[in-house]
Amino acid sequence: MDITPWLVGHSVPLVEMLDGREARAIRQRRLLSEGAPVLVCFTLNMAGPVKVHPLSEETFLAGMREIRSRLELAQLAVRREEMLTPSWGWEAYFLIDADCRAVKRVLTALEEEHPLGRLFDIDVLDAGGNKVSREEFGYPPRRCLICGETAAVCARSRTHTVAELQERTLQMMITYFRREGLTPSLIGRICRMALLQEVYTTPKPGLVDRRNTGAHQDMDVPLFEASAHALESYFADCFRIGEKHAGAEAGELLQWLRPRGQEAEQAMFSATDGINTHKGMIFSLGILCGVCGWRSCQPGVWRAEDLLLASGRAAQPALQSDFAEADGKTAGERQYLAYGIAGIRGEAASGFASIRETAWPFFQAKLAEGSTFEEAGVWTLLLLISRVEDTNMIKRGGREVQQQMQQQAAALLSQGTAPMQEDVFRLDELFIEKNVSPGGCADLLAILYFLWYLEQLHG
């Protein structure tokens, strides 16, 4: 299992982890000073330097729901609750007016019984700051995620690598969320993973990536990260809107999605100081999320082809209405009138044909051949550049330059073997020299990543 697509988050250096432990101890002392007889501290058991990523966040929130539910069922009164999201991992604290042994018994049962319980780290402290032991209630020590041996023994001897522990952790999460089904919260996180994965994919000719900012002087990776975070709740809302109108025709969805999309644009601009990072994704990925909600009770909903075709039916009204009276006032209308290119509206209305017929099978084939996820992404981006009439490239460089860049990408692909990084670096330099950026193709790559995550979680 390639774990890298899932670990889209900040890599925490050791010194930062140690600072986190000290901060947690200080916070515990402060909360205990408030006089409650019990303090519960909840974190996740996460190997490796990436502690916060979309699936770990969803896992943490699943744990929070279970803790609240079990405390309520046991009639254990929570005086106060705090939840924090530092880079070294999510934390939650519960001040409880109850007997500490009763609290420990309830929450240890949760650790033992829940499918994700082995990932839950729930400490129960008495008024003096002493931890209550699970062994007092006859529970064995925590077991290793991989071999079932006592976890402390495996940790001391370093029996398993960090990568092995990460892979097992992710398998547990994926299995759980596949079984539980798609929720608005989870689809929002899937979208954020896809957007982050797109900007992290390196190298990408003319585009912002981990190596440089491409042909953009006003954008960088942190800006895209901020934009992706700001849009997560929008994609979740699109799913909810689709669910709400599950009985409607696909072509009617857009009228309910568009007002929320306009709000999302403002949220994006607020997060980016007015820079357009993901406007195309607000439209196209918003439609896909709406269709996911709309089809959530229907069979075959997570097949990529079915989802893309249904999204095409939902997007048809945008193509028909937006270009019905095109007068050339916008760059998109001018390209439509000059070349008949409908841009992202046309791509969406076609059921994302460039993805469905070309990029998706190509990407899957590259993974099957043994390419890494990132390598397959770079290959697929080059394919998209060589095939798609990218309106962003035409806007910045003109039709002739756009066609030249298509030919350059096609030449790399025609080698028959994976393009060397140096080849893509040179193409990147050419894109920068021409001041063109294949932003439309980048959006399609992000949609492809979205489909891949969706299939992994609900295929």
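Which residues of helix 13 are buried? In this predicted model, the buried residues of helix 13 are Ala353, Ser354, Ile355, Arg356, Ala359, Trp360, Phe362, Phe363 and Lys366. An α-helix has 3.6 residues a turn, so residues three or four places apart point the same way.

The length of helix 13, which covers residues 353-368, can be checked by a simple calculation. At 1.5 Å a residue, its 16 residues should span 22 Å, and this agrees with the 22 Å that separate its end C-alpha atoms. After the helix comes Gly370, with a positive phi near 110°.

Buried in helix 5 are Gln166, Thr169, Leu170, Met172, Met173, Ile174, Tyr176 and Phe177. The cover over these buried residues includes helix 2, helix 6 (184-200) and helix 17 (439-458). Helix 5 is followed by Gly181, and the phi of this glycine is positive, near 95°.

The second largest pocket has a volume of about 1,000 Å³. It is lined by 36 residues, of which Leu44, Asn45, Met46, Ala47 and Lys51 are the closest to its centre. Among the elements that give two or more residues to this lining are helix 5 (162-180), helix 2 (54-73) and strand 1 (38-44). Helix 1 provides the largest share, six residues. Sorted by class, the lining comprises 16 nonpolar, 10 polar and 10 charged residues.

Note on methods: Residues are numbered from 1 along each chain as its sequence is written. This is a predicted model: local features need pLDDT of at least 70, side-chain atom pairs count only at pLDDT 80 or more; totals for chains, interfaces and linings use all residues. Side-chain values use heavy atoms; hydrogens and water are left out. On a 1 Å grid over the protein atoms alone, a cavity is a set of points where a 1.4 Å probe fits but cannot get out, and a pocket is an open set with protein on both sides within 12 Å along at least five of seven lines; lining residues have an atom within 4 Å of a point. Grid points are joined across faces, edges and corners, and a volume is the space filled by probe spheres set on the points. Helices (H or I, at least four residues) and strands (E, at least two) are DSSP runs, numbered from the N terminus. Ala, Val, Leu, Ile, Met, Phe, Trp, Tyr, Cys and Pro count as nonpolar, Asp, Glu, Lys and Arg as charged, and the others, Gly among them, as polar. Buried means under 20% relative accessible area, exposed over 50%, partly exposed in between (1.4 Å probe, protein chains only). Contact means heavy atoms within 4.5 Å. The expected span of a helix is 1.5 Å times one less than its number of residues.
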